Amino acid sequence: MKLMTLRLIAALASTLPATAAPAAELVLGLGHSFYNYGGGRDSTVVSLELRGPAIGHLGRAEVSPLIVGDRHRLGDSFVGIGLAARWQLRRGWFVDVSVAPGKYRASSPANALGSDFEFRSHVGLGHDLGKGRALSAAFVHKSNAGIGRINPGLQTVLLRWHQRF
């Protein structure tokens with residue numbers, strides 16, 4: 001798991017220009033997970049994202065590379081790399097989405113999602129607080145998109161703190 005994390009960080013770093021630091025963003029989330037089947041054990045989750053500077057636009061949204069890690073209190077974990085997009089709305093509000101394929105490790109057979117390879121997608125609504133800070137609420141879904149032997153899925157609800165630097 002440590003080697004995969006280092007490879008993902010290196011891959012993200014290689015996509016960032018040398019002047020990326022002023023436009024990077026750190027997102028820290030705390031929430032709760034909900035498994036889609038009776039045997040899964042729900043738990044508290046801590047989530048960490050590192051986003052690079054915008055690499056393009058999708059309509060009015062800024063698109064950025066990201067690396068993400070989720071750790072559940074019971075020991076389940078996910079590390080992925082992908083893309084995030086943010087649409088600025090009026091009065092400091094924004095909509096935030098991302099998708100990141102990556103490696104999922106279940107702490108027990110009850111929390112297995114059918115594959116080590118899972119997709120993490122999220123949608124959130126947030127508000128800019130000034131000085132590069134923001135607060136958002138997000139809904140996260142993990143799924144193997146039907147490529148695993150089973151595909152029960154996992155939902156997480158997060159409260160997230162954003163800090164641009």
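In this predicted model, aspartate 96 and arginine 86 meet through their side chains in a salt bridge, 3.9 Å from N to O. That pair links distant parts of the chain: aspartate 96 sits in strand S6 (residues 93–105) and arginine 86 in strand S5, 10 residues apart. Aspartate 96 is buried, with a relative accessible area of 0%. Arginine 86 counts as buried too, at 7% relative accessibility, because the cut-off for buried is under 20%.

Arginine 86 also forms a salt bridge with glutamate 25, and here the closest N and O atoms are 2.9 Å apart. Since arginine 86 belongs to strand S5 (residues 77–88) and glutamate 25 to strand S1 (residues 25–35), this pair ties together parts that are 61 residues apart in sequence. Glutamate 25 is buried as well, with a relative accessible area of 5%.

Now for another pair. Arginine 160 forms a salt bridge with glutamate 49, with 2.7 Å between the closest N and O atoms. Arginine 160 lies in strand S9 (residues 154–164) and glutamate 49 in strand S2 (residues 44–51), so the two tie together parts 111 residues apart in sequence. Both arginine 160 and glutamate 49 are buried.

Here are the pairs side by side:

| Salt bridge | N to O distance |
|---|---|
| Aspartate 96 and arginine 86 | 3.9 Å |
| Arginine 86 and glutamate 25 | 2.9 Å |
| Arginine 160 and glutamate 49 | 2.7 Å |

How many salt bridges does the structure hold? There are 11. A network of salt bridges links Glu25, Glu49, Arg51, Asp70, Arg86, Asp96, Arg120, Lys142, Arg160 and Arg164.

Note on methods. Residues are numbered from 1 along each chain as its sequence is written. This is a predicted model: local features need pLDDT of at least 70, side-chain atom pairs count only at pLDDT 80 or more; totals for chains, interfaces and linings use all residues. Side-chain values use heavy atoms; hydrogens and water are left out. A salt bridge is a side-chain nitrogen of Lys or Arg within 4 Å of a carboxyl oxygen of Asp or Glu. Helices (H or I, at least four residues) and strands (E, at least two) are DSSP runs, numbered from the N terminus. Buried means under 20% relative accessible area, exposed over 50%, partly exposed in between (1.4 Å probe, protein chains only).
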